Amino acid sequence: MDDRIAKIRGHMQTNGLDSLLITDPKHVYYLTGFASDPHERFLGLFIPDGDEAFLLLPALDEEKARSASSVPRIETHTDTDNPYVRLKQCVKGSIGNLGIEKENLSVARYEQLSEVLEATSYQDIGSMLNAMRSRKSPDEVKRMKHSIQLIEEVLRRGLSSVRIGVTEIELVAELEYQMKKVGAEKPAFDTMVLSGPNTALPHGVPGTRKIAANELLMFDLGLFADGYASDITRTFAIGEIDAELNKVYHTVLAANEAAIQATKPGVTFASIDKAARDVITEAGYGSRFVHRLGHGLGMDTHEYPSVHGQNENLLQESVLFTVEPGIYIPGHGGVRIEDDVIVTADGVEVLSSFPKELTVLG
């Protein structure tokens with residue numbers, strides 16, 4: 001954790017920042033090792049240039065913070081304290097030009113903060129933190145692999161409950177039960193199980209529709225383990241599907257593989273989106289691929305980078321993201337196949353391993 005704070009201090013000097021206030025609990029965890037959900041209470045990591053950093057947190061979390069945080073100075077506030085006044089009391093010297101996370105700081109909190117701290121100016125540091133988080137350390141990769149292994153085991157177990165007549169929401173319940181059984185902290189997002197024509201809804205909501213023969217069944221699921229998320233999608237056939245859905249499936253699979261093969265350091269995110277999109281367009285379904293190719297994955301289910309056709313940033317080693325092309329035909333069915341991948345020194349490693357060949361269930 002200390003090397004991450006050292007990088008932060010380097011950014012402060014480069015950008016003329018006198019102090020930083022980190023309030024996103026995920027970023028506090030990333031920089032200190034202290035994981036917390038403060039709910040409505042204030043949590044902040046304050047880093048002054050040239051002085052000791054400290055954590056200001058609810059008094060009820062003090063013991064946990066002292067045992068987990070790499071930042072030794074711990075300050076607390078009670079439920080009846082004004083946490084912004086406490087923050088000012090803990091700061092030695094002036095605040096100066098203060099770095100904040102604009103996306104995480106509500107207008108109400110900013111107004112309370114600025115009224116008390118009296119910083120000379122404010123500067124957003126969100127993009128710098130996102131860029132740091134996008135390049136995963138060996139420890140983070142290990143945690144990600146573990147999270148992916150667990151969700152694949154959950155899917156394997158869940159498939160044993162698939163049968164004609166079971167509802168989408170019943171399968172969701174079984175999958176989320178299995179997540180707890182394998183030791184997950186919680187689902188990474190709302191587990192998605194869609195069947196038949198519902199598979200044509202990229203963000204469909206599972207309901208009471210019953211699984212029927214000769215249709216598609218889609219699972220989009222992930223979990224948190226050791227603070228890190230997994231996210232995979234697989235689509236199956238229930239019995240025999242028609243020729244068009246068969247073509248759609250194999251087109252999406254080819255697009256998934258094309259994007260993965262195009263992934264390496266130095267190419268643009270736009271180019272790998274294009275690699276998948278070209279396959280789908282050539283097959284006549286270009287208008288049916290209605291979302292980006294993928295997104296960053298780590299402590300959040302969706303984080304930087306956004307993998308789409310307008311992102312001309314270059315891939316760098318150790319950046320981890322999803323590859324999830326899809327084709328959706330309203331009223332008929334859809335296919336999405338999603339893998340989690342990481343850029344290596346000379347190419348790409350696919351971290352998810354659940355089979356992608358068209359599998360018939362039942």
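A residue counts as buried when its relative accessible area is under 20%. Keep that cut-off in mind for the first stop in this predicted model.

**Stop 1: E324**

Select E324, in the loop between β15 (320–323) and β16 (326–329). Its relative accessible area is 9%, so E324 is buried.

Now show the side chains around E324. Which side chains does E324 join by a polar contact? One is H295, at 3.1 Å from side chain to side chain. Another is T322, where the side-chain polar contact with E324 is 2.8 Å.

Next, select the residues that E324 touches beyond its neighbours within four places in sequence. These are D231, then H291, R292, L293, G294 and H295, and finally R336, I337 and E338.

**Stop 2: helices α7 and α8**

Move to helix α7, residues 138–159, and helix α8, residues 168–181. Their axes come within 9 Å and cross at roughly 135°. Because of that angle, α7 is oblique to α8. The crossing of α7 past α8 is right-handed.

To see where the two helices meet, select I151, V154, L155, R157 and G158 on α7. What classes of residue make up the contact of α7 with α8? Colour the selection by class: 6 residues are nonpolar, 2 are polar and 2 are charged.

How values were computed. Residues are numbered from 1 along each chain as its sequence is written. This is a predicted model: local features need pLDDT of at least 70, side-chain atom pairs count only at pLDDT 80 or more; totals for chains, interfaces and linings use all residues. Side-chain values use heavy atoms; hydrogens and water are left out. Axes are lines fitted to C-alpha atoms, for helices over the stretch in contact, and angles run from 0 to 180 degrees between N-to-C directions. Helices (H or I, at least four residues) and strands (E, at least two) are DSSP runs, numbered from the N terminus. Angles under 35 degrees count as roughly parallel, over 145 as roughly antiparallel, 65 to 115 as roughly perpendicular and the rest as oblique. A crossing is left-handed if the near helix is turned anticlockwise from the far one by less than a right angle, and right-handed if clockwise. Contact means heavy atoms within 4.5 Å. Ala, Val, Leu, Ile, Met, Phe, Trp, Tyr, Cys and Pro count as nonpolar, Asp, Glu, Lys and Arg as charged, and the others, Gly among them, as polar. Buried means under 20% relative accessible area, exposed over 50%, partly exposed in between (1.4 Å probe, protein chains only). A polar contact is a pair of N or O atoms within 3.5 Å; within protein, one must be able to donate a hydrogen and the other to accept it, and residues adjacent in sequence count only if both atoms are side-chain atoms.
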